[in-house]
Amino acid sequence: MKLINKIAGLILLAFAIGGCGKNYLSRPSNSQISSNNFYKSTSDLRLATASLYGGANWWQWHTYAFIPIGDALSGNTYVGYYGDFDELFTRTITSQNSIVSYGWTGLYNVIAQCNLTINGINQYAADSIPAASINAALAETRFIRGVAYYYLALDWGAVPIIADNTKLIQQPLLNRNIVSDVYKFVTTDLTYAAQNLPVSDVAGRVNTWSAQGMLGKVYLTLAGLGQNGTRSQPLLDSAIKYAGNVCQNSGISLYPSYYDLFRAQYNNVPEDLFALQWAAGVTWGNGNQLQQYYAPSGNLVPAGQGGWNPLQPTYDLYQSYTWKDTVRRKATMMLTGDYYPELEAASGGYTAGGTGLKKHVIGTAQDNNSPAMTAQSSIEDDAMLRLSDVYLVYAEAILGNNATTTDAVALNYFNMVRQRAGVDPAPMLTIDTIMNERRIELAFEGQYWDDIVRLSYYDPAKALYILNNQNRDVFTYSNGVATLPTSPTGGTIVPATIYSFALPIPAADLASDPNLANPPVAYY
Amino acid sequence: MKKKKRINVASRLLPVLFVFLLLSLQIFAQSDARKITGRITDTKTGLAIPGATITVKGHNAITDSAGKFTIMAQTGETLVITHVGYNTSDIKVGNGNTLNIELDIRSGTLDDIVVIGYGKVKRKDLTGDISSISGNELLKTQPTTFEQGLQGKVAGVIVQQISGQPGGAVSIQIHGISSITGSNSPLYVIDGVIIPPPSDPGDGSGSNPLNSINPSEIETIDILKDASATAIYGSQATNGVVVITTRRGSISAPQISYDGYLANQQLAKKLPTVNLQQFATVLNARGAVWGFDIRPQFANPQYLGTGTDWQKALFRNAPTENNTVAVSGGDARTQYMFSTTYFDQEGIALGSDFKRYSVRLNLDNKTTNWLKIGTSLQLVHIDESVNATASNVIQTALSMTPDISVKNPDGSYGGVTNTAGWVNAIANPVGLTAINTDEKHRNQVFGNVYAEVQFTKDLSLRNELSGNFDFNTNNTFTPAYAFGKDVNSISTASYSYGQNFYTVVRNYLTYNHHFTNYTLNALLGQEAQLSTFQNVAAGRSNFPSNDVQSISSGDATTATNSGTFGTGTAIESYFARINFTWNDKYLLTGNIRRDGSSVFPANNRWATDYSGAFSWRLSDEEFLKSVKEINELKLRVSYGLTNNQNIPGNTYTAQLTTAANGLSGNAQYQTNLPNPNVTWEQTNTGNVGLDGTFFNWKLNFSFNLYNRLTNGLLLQLPLPLYSGTTTGYSPGALNAPYVNIGSMSNKGFDLHIGITGFSNKTFIWKTDFTISHNANKVLSLGSGGNNANLSETSGISGQTDVWEKTVVGQPIGEFYGYIYDGIFAKASDFRTHALSANSAGIPYPVQQSGGIWYGDRKYKDINGDGIIDSRDETFLGSPIPKVQLGFGNSITFKGLDFYIFFSSNIGNKILNTLSVTQNNPQNNTNYFTSVLNYANVAEINPENGNASDVNNYYVTNPKTDIVGLRNDNTNYNTRPSNLYIENGTYLKCKNITLGYTFPEDVMKKAHLHTLRVYMSVVNAFTITKYTGMDPEIGSWNPLQAGWDYGYYPQPRMMTAGLNLKLSK
C-alpha cells in the first residue's frame, strides 16, 4: 500500500513538472522593445522619429559619401592617398568604388528605417494618440525619406523605389524606376510633410518650412529634368511658390554670423531648416565622424585620433572667392597662417600650417566643453538645408529661363546672403552668378555637385563646360600667394561626358540583382 | 507569472531532494545464502580470467589472478558474470557449492549498447543509422576537445577544424548541409545534458562551449545520422545528434587510474615570405618604376641581412600537458566514477593558451528494488587567452615586412617608421601579444539528476532534470603604445561578465515486453527546455599607467557599460516511440514528436516530427543461416521528417533599440526587418543501410545511402544593399530578415569497413576505413528565382567583390569570379585578347597610366562579347569536399601497439586570401617569394625604340602570373579569379602512435595493475597542393565556407604519455 502511494506520488509529480504554463513559449526580448508594444503614445512616436535625424542609419552616407560626392566630383576638393576618393576626383569611378557604395547603402539605410517607422505607426499607433500627432510623425518620416530619395535621384538618376521594405522578402529583385518617377515620389512625400508638419517645433526638428524649402529646391531641380535649354515654367512656378513662401512668410531669418553657423554651440539656429543631429560619446558607426576623417590635422580632433584623409581645397574653389569674401572663406577652408582661436583653445588657438578644411572642424572635447565628445562623435549638427540655400533657390527660380534678372525680390534675397557674408550686393543675377554664390555659400556642404547636375538636366553643354574647364590642382599658400604644383594634382583627369552625371550602381548590387542593368521602368 | 515559475522550480527540485534522502538508506537483505566458490576461464584458451565481476542480488565479487571467486548466494538465484571484452554470462545457482564458468570472447559489436535517445538498444536491434566510437578510440589522437577526435573516424560525418587555437572549435556536418542559417551543427547531448553547439564567433575569438568536456572521461560517442534515429530528439536534431556517454562506475573494487601526457607543438608549415634582401630587391625595382617610395637604405640589397622572419618571431614551440586521475568502482547497490583533470595547452602563436581544470562525479544508486537514482555532474574551470586570434596576429605577422625589427635596440617594440609612399603603419604582432590582454575565464557546471521508477517488470518511469550553467568573464586591456608610426595614444580596458543557464526537465515512461515471438518497446514522454542569459560589460579608457588595468583606474568620464537579461529560446515537446521486433528478424520503429518553439510567431509555433524505420536481419533467415561466411547481415530502411528552428527569437516582429541621439537624448530605432511569416525548416530524410559481418567476424562493414531534402530553408536573407538590410557588418543597416527561402538536397553515401587482418595470441592487425561522399544541390531559392544568388562579398582585394554565389542548380556557397588567362606579354595580346572595360562597356585604353599595360592579367572572355566585365564571371568550384576519407591501422604485437591514422579531403576548393595581397607587388605589406617573379616589362629596342610606342615592349617572363610593377590597377588585377581559388585536396597523417604495455609479472612486482607508455605524433605530415598554411579550413557559415583568411593553423604535436592503473 505504501509503495503504491509512493508511485502515485511520483506520477503526480511527473505531471506537475511536465505541465508548461500557457505563456511558456512566449518570450519577448528583455533588452529591446517589440514594435507591437510600441507607438502607444505621442512620446513613443517622438522617440521613433528622433532616430531618423542622425545616428547609425545616416552614418555611411554622411561619413563617406556626402562631401566626396558633393565636393570632390564637382572639383572643390581633393584628398591624396585614398584611391576611391581619387576615382571621384579624376572621374574614373568604377562600380566597385566604396564611396559610391557607402552613399548608396547609406541613403537606402535611411529609407529602410523610415519605411519601417511608417509601417510601425500605421500598424500599431494607439487610437488614443491625437490624429495630428500621428500625421506629424508620419510627415517627419516622409520628409526624411523624401530627402534621401532626392539625393539618390540627383546622384544616381534612375533608382529602385522602395516604399515598404517588408515586401522585399517576397519580391527582392527590383528594377530601377525612371528618374521622373523618383522625383514624383519625392515631391509626394515632401508635399505630405509640408501639409502635416507643424509651423514650429523644438530646435532641430523639421517643420513645415523645412518641407516647403525642400520642395522649392526639388521643384527647381525637376523644372530642368528632360528639358532642352529652358526649364519648365509651371515647375519653376512651384519652386517660386514654395521657396517664396518660406522666404516671405516663415518669420525665419538668416543667422547674423556665417562663421558661427558652423560651430557646435550654434547648433540648430532657426536658419538650419534641416540638420542632422549627432550625439556625443557614441561608438564607431553612430556619430558625426567628418572631422575625424577630413580635418587637416589629428591635433584638432579629440584624442588626436583623426585627420586621416585631410581634404584640400582646389585652386578652382579658392579662386571663386573674391578678395572681400573672407568670412565665408575662413569658415570654409584654412589657408596657411590662418588663426582659429577657438580650435585647440587651451594651447592658445590653432594656426593653419597648410591649406585644409575648416567647415565641420570644431576641435576637441575641451574646445567644445563636451567631455563625452570623441573623435568618432563630433557634436556638430550639420545642416542639410539652410535658409540661405532657400533664398538662393528662390532667386534662381525667379531668374527662371531669363538670361539675366534684376527682379527686386530675387535681388533682395540674393543680396541678403551676400550681405551677411560682408560682400557687396549684386546689381543683376545670371545663372553664373547664382551658381557661384551657391558654390561659395554652401562649399563643403555637399551641394555643388547637385547644382551642376541640376544644370546638366537642361543645359548639359554648360555643365560639361564648367567641369572641363576647372583648375582642380591643390595649391600651397604663403603670404597671400597661392602657388600651383608642378605636376597636375591627381594625375590625368578624365574629361567629363554626358555619362558623368550619374554615379554607377554599386557592383555588389549589380551582381545580386541583375535586373538593375535593365532599362528603368515606370513606378506610377 | 514570475511567482508561478518559482513554484515550478521548487517542485522540480523536490524529487531530487527526495532521492538524496533515500540515498542514505542502505538495505542489506539477509537470508539463507551460502558460500559459493568457483573459477572463471576463457572458453577458447582455457586461461583464467582475473578481474571478472560476479553479481547476485545484493552481493558482488571479483575473480582473483587465478580466476577464482567466492560469493554468498542461494539456490535458484542467478549469478551474472561480466568482464570487458567477454559476453555476459548468466548462471543459475544449483545445489552445488562450486561453479566452473567459461566466458566467450565477445565477437563483433552486436551486443554493444547503443544510445538511441531516451533509451538504449543492443546494436543488433538497431533500425536507425547510428555510428559509435569508443572513448579509447577517440583518445588515440590526443584531441584537446572531443570533436577533434571524431575526424575521419565516423563515416558520413565531415569534421573540419575551424581554428588551431587551443580549445578552438571544429565544424561537424552529418550527411551534408541541410541549412544555410549558419550553423549546421548537430545537437550535442552529454549524459542527457544538451550543450549548445558552438556558434559563429565572428572574429574567431569566441570560446568553444564544447571544450569544457574532457575527452578522457568519455565512454562512448554515438552519432545519430538518419531521421529514424534523430526524430525523437525533435526540432534541434535535424543536423544529427552526437550523444556522449561518460564513463560510469561498475560493480568492482575501486579502480584507480592515471592518464597523462606531455606534448610539444610546433608550426607545421611556414609560408614563403620574402627575406630582407628579396624585399629590398622588389622595392628597388618598384621604386624605379613608380618614381617614388625609393628607400636609400635598400640601395645595395646584397649587403642586407635576411631581416626579421615574422613567422619565426610569432610562432613558438609550445608545450601541452594533460593529467587525469580517475577512481571508479561500486557494489551492487551503488556505483561511482570520480575523475579529475588538469589540461594545459600553450598555443603555437604567442598570446594564446588554454587551461582546463575539471572534476566529474557520476553516481548510480539502486535505492530500492523499484527505484534507481543517480547523477552525472561536471565542474569545469577554463582559462583561455585568445589574444592571438582577437588581435589577428597571424595575418598581421604575415603582413609585416622583414625590414622591421621585432624589438629596437632600446628594448621597445619595433614598427613601421617610414610611411612614405603608400605604406601603412601595421601594429607589431609580437608587441601586441606581449602587451595586450584578452583573457576569458569560464566556470561551468553541467550535469543531471535522475530517478527511475520500476512500476512493474515492464513499465518504468524516468524523471530527469538536467542543466548547463556557464559563468564567464572576459577582460581585455589595450595599453597606449607606439610601434614606430603605429601609435595608440589611449589605453582602453573592458570587462564583461555573462551567465548562460540552460535547463531541461524531461519525464518519460518506457514499456518493454517480451512476448513469445516478438518484443514490444514503447516510450511516451514530455520535455521542456529553457535557456536564459544575463550579461554586463564595462569599459574605460585613459589609464594612468599600463600597470594598473582594473576598470576603476581608468578615466571615469570615459566609462561605458551595457547589459542584457536575455530570454533565450523555450521549447516544449511531447514524444512517443514504438519498437517492435518479431522473431529477432524483423524490426520496426516509429517515432513521433511534437515541438513548440518560442522563436516563431504564435501561429507557426508548433511542428511535428516523425519517422519510421524497418530493418531485416537477413542472416537469421534460413537461406543464409547455412552460409557460414556470413556472421551477420542486416538491411535497414528509414524515412522521416524533421523540423529545424535554428534562428534567434523575435525576428518575426520589428525590434526597437535605444540609441543616444543628438536631438532628444534618446531615440528608438529599429534593428531588424521583420518577417511575420517565418516558420519551420523541414527536412525529409530517406536512408537505406546495409550492415554486415563476414568471415568469422573478421570483416565488418556498414553502408548507408541517403537522400535528404530540405524545404523552407531558413536563412537570414542577404538582400541587395538597397534593402537597407545586412547579414554582416554595415553600420545603420537593419538585420536582414529570417526567411524560408527555398529548398536544397543532399545525396550521398558513407561506408565504414573494419578488417581484422590477422590475429593470434601475440599479433593482431586491424584496419579501419571510412569514406563519406555528399553532393549538395540547391533546388530552389524561392521568390528570388533563378536570379537569386545569396552572394557574399569581401574587401580582401581592396574593393568590395562578390567571391561566392549560391544559385539554383549548384551546390551551396560556390566560389565565383573570373578565369585567369595569362598576362599581357606581347603587343599582339592587346589586339587578340579581350580587354577589361568600364561600367559603360568601353575597354580601358592600352597605356601605362590609367589603362591596361604589359604585365596586367588577362581574363577569359566567357560570353565572347570582346570585353571583360562582370558578365565574364563564372563558377570556380565548391568548398565542399567531394569525398572525405579516414584510414587507420593498428598493430599489436605482444606488449607493443602501433597505430597510424590518415584523413583526407578530396575535391574541394579554398579561397586563399593571403595570396591576393601577398602575391601582389602593388601591395605595401609583406610578400611571398613568388613576387620576385613579377612580370618584367622590357623595351624591345631600348636604344632607339620609342618609349611611348606600345609595340616597343614585351614581358621577359611571360609564363608568370604575378603582375608587373606599376602604380596603376586600372585592369583590377586582384579581382576574384581562379588564381586565388586553390585545390584543397589533402592527405593528412593525423596520428602515429607507438605504445608499450608492460608485462603482467613485471607489474605485479611493482604492485601495479597495468602500465602502458606511448609516444605519438599528431598532424605528422600533410600532402597537399594548397599553398596556405593548412588546407583544413572549417567554417561556420556555409555561404563563406573555405575562405582562408590566415587562420590559426593546426600544430604538429609530439607526445609522450602513460596510462597507469594502480589496482584492478
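In the predicted model described here, strands β34(B) and β35(B) form a hairpin with 4 residues between them, and F695(B), which lies in the turn, has a positive phi of about 50°. Strands are DSSP runs of E of at least two residues, helices are DSSP runs of H or I of at least four residues, and both are numbered from the N terminus.

The link between the chains is made by 2 bridges from β1 (residues 33-34) of chain A to β32 (residues 655-661) of chain B, and in β32(B) the bridge partner of S34(A) is Q655(B).

The contact between the chains (heavy atoms within 4.5 Å) takes 85 residues from chain B and 83 residues from chain A. Together the two chains bury about 7100 Å², with 60% of this on carbon and sulfur atoms; buried area is the accessible area (1.4 Å probe) that two parts lose on being put together, summed over both. L663(B), L721(B) and Y722(B) supply 12% of the area that chain B buries against chain A, more than any other three residues. Strand β28 (residues 560-582) of chain B gives the most to the side of chain B that touches chain A, with 8 residues. The residues on that side divide into 37 nonpolar, 41 polar and 7 charged, where Ala, Val, Leu, Ile, Met, Phe, Trp, Tyr, Cys and Pro count as nonpolar, Asp, Glu, Lys and Arg as charged, and the others, Gly among them, as polar.

Across the interface of chain B and chain A, 0 salt bridges are found, a salt bridge being a side-chain nitrogen of Lys or Arg within 4 Å of a carboxyl oxygen of Asp or Glu. Over all chains, the structure holds 54 salt bridges. In one of them, the side chains of R145(A) and D189(A) meet at 2.8 Å, N to O. R145(A) lies in helix α6 (residues 131-156) of chain A and D189(A) in helix α7 (residues 179-196) of chain A, so the pair ties together parts that are 44 residues apart in sequence.

The model scores ipTM 0.92 and pTM 0.78. Local features need a pLDDT of at least 70 and side-chain atom pairs count only at pLDDT 80 or more, whereas totals for chains, interfaces and linings use all residues. Residues are numbered from 1 along each chain as its sequence is written, chains are lettered from A in the order in which they are written, and side-chain values use heavy atoms, with hydrogens and water left out.

Technical notes. Two strands pair if DSSP finds at least two bridges between them.
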